[in-house]
Amino acid sequence: MTVCRYDIVFVADVRFEGGTSTALAAEMTAAAREGWSTGLLMVKGPILGLPFPVHADIRAHLDKGLTERVDPAQKVETRLLLLHHPGILINPLQPRPAIEAEKVVIVLHHPAVDRAGKQQYDIATVVKHARFAFGKPVLLAPVSPVVRQSLPRHLPPDCALLDEDWHNLIDLDDWPCRKPRALKMPVRIGRHSRPHPQKWPDTLQQAKTVYPTDARRYEIRMLGGEEFLQAHYGAIPENWKLQPFGFAGVADFLIDLDFYVYYHSEAWSEAFGRAILEALAAGLVTILPRHFEPLFGDAALYAEPDDVKMLIDHHIANPALYAAQSERARRFAVERHGIARFAGRIAALMPATVDGLPSPASLMPPLPARPVLFLSSNGVGMGHITRQMAVADRLPPDLVPVFATMSYAAKVAVEAGYQTHFFNHHRAMGADTKDWRSVFADELFELVSHLKPAVIAYDATAVFPAIADVLALFPDIYALWMRRPMWREGHRLFLDLERAFDAIIEPGEFAEEFDTGPTREVRHRAYSVPPVLHITPQDRLERDEARRLLALPADSTVVALQIGSGNNFDMAGVRTAVIDAVLSHPDTVVVEFQSPIRAAIEPIQPAGPRHLVREAYPVFRYSRAFDAAVSAAGYNGFHENLLGAIPTLFVPNEADEMDMQLSRARWAELNGYGWTMRRDTDLPRCRDFITRLLDPWQRRHMTARCAAIDWQNGADKIAAFITDHARLVRSDRKVVD
């Protein structure tokens, strides 16, 4: 096996939203500027239970190639291994990484004991697991005096404490300083932190003391408290402006403030205060509880909560005093915490010059190939496989998609060149459900055992117990459920099987406000991404080329007809009425697309010379050929037609096992993105609906409305999520050792 050599390997759970990840990203930046080669081994630790994506700053480093992924199975040698956050070593790392390091440092981003005296982690256990994973004595690097003082007096064997604290570093290029300006009423007082109860004052009254409510003098801006604070405190003062927590835009938020005030729960021990450092870097006059003084010295001001308002007013009344404090804040960040200090920190650990091992990125061996298993149920239409192909097509070359499905649409995955396995569904065979589940479980077990995928990505509404049983036998394989929204109430029982998966990913839904289904109640447990498309609107064929390939007349008005496979909802009457209505208009053509699921067993017979039948996949690739469409309101077709700006009459499939297509279609009509025609009540007026659909003014208006929709492809985000979780070590499960 080829050995990968790095100057530094970082080991971390890079899904942390706050200071741990931003501090790590700063170190990666500093190492890149020194020309050092770095690798990143990602850990799924036990602290974060929800499916958070990789922190945006670290994602940017990976995308730019400033640091490289390390596969757990790769043979790696490094001068220095920096393991960020003790929480990822509460349990052993599984599988054990194949990394040989000259030195191992654990950066302690959290106190071992909090202010209430509650133990947060056992340092002896942390050291033992690091020793097991990397086979070397361990150096402990607390990020602050708070963390250092929380450690036991007698440390475990095989570890030593660094003499100096491993303070967070900051790239000042990313944190512009507030420009000097006169204070105007109301002054802007702000803070930002992740939405966690311990990051905020315990009661509303305590919060109002440090964030005063006089709207004439004070405007309070809080980044990271939108929905959370409503639930935490109840009524919110009118002068508090709440914004959601986010990685981006913090620098702009800070430089627009006048004061930064940060107070938290009495039980919370802030290990360092990354957000405070960012405020100081922005040159803000910063007011804190007194226990922060050993960390930030005269760069900040300190006060009891009852004195905060008086201190603010004192600096408002003394502009020179305000300016001097602002200058001290920025100078402190530059002199004490600039990322240039990272090189000296590393040199102190590695007395010999860190001249790098012979491992420039251009010579690094490629990552070993890993299979990703895309598993889906039978499905009535093409939705599951189409969404999965949208993701599979966007994976990097070192991740190899393999499909396993019960859908007769499996042929589209085969034709796309993917290895594909077909499972018979019990309905198709008329089999006893209990017997079928046993056979299916055996077949799936054999496939997973043989394939050994890094990730299993399941797309369906129904989760069979057999799937949960098989996943439980492979705890090291990362399993996620791609679960589109707009469920009917009858599907609620499948929520009980969420626990079989490591993550729930929910593709976005434009009609989300009309979603009243059971997944809405548990959306906070899912990673929500924008709507997913296989083919993006800009990747479609041009109009003339699409019409040529579909053999459509160049000068006719073309209406696409896609109302589903008919597997579970009789659309025969709708189909006949729509075709007759469209063809009653001169110079119109209906192009009806035959579902790949039924094309071989029940081919569509044209109703006349202007009714053309085609089989194409994906149809959206050709959609610039259409002037209008009549379509079901399934997830894929709905979002394709809106984002393709195709004037569409939606005919929802209202079968019980389908999602809430009627709600989706009604949302589109109410917002000017489409029209709705129901099979049972609206069919007698079909000609009126078609006349409106074919009206040029109506079509131009709807096209303009749809073209203005702002959208990013959720398939890119899901592919990135799978890429990040395909090469994990895990410490999220307790192992008896």
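These notebook entries record what I looked up in a predicted model.

**Basis.** I number residues from 1 along each chain as its sequence is written. In this predicted model, local features need pLDDT of at least 70 and side-chain atom pairs count only at pLDDT 80 or more, while totals for chains, interfaces and linings use all residues; side-chain values use heavy atoms, with hydrogens and water left out.

I looked up an open sheet of seven strands, ordered 16-15-14-17-18-19-20 with parallel pairing. Strands are DSSP runs of E with at least two residues, helices are runs of H or I with at least four, and both are numbered from the N terminus; two strands pair if DSSP finds at least two bridges between them. The edges are strand 16 (419-422) and strand 20 (527-529). Strand 17 (residues 455-459) pairs with strand 18 (residues 478-482) over five bridges, and I noted Trp481 in strand 18 as the bridge partner of Tyr458.

**Salt bridges.** I counted 51 salt bridges, each requiring a side-chain nitrogen of Lys or Arg within 4 Å of a carboxyl oxygen of Asp or Glu. Asp459 and Arg387 form one of them, at 3.1 Å from N to O. Asp459 lies in strand 17 and Arg387 in helix 13 (residues 383-392), so this pair ties together parts 72 residues apart in sequence. Asp515 and Arg523 meet at 2.7 Å, N to O, and both are buried. I also recorded a network of salt bridges linking Lys44, Asp502, Arg730, Asp732 and Arg733.

Key. Buried < 20%, exposed > 50% of the residue type's maximum accessible area, 1.4 Å probe, protein only.
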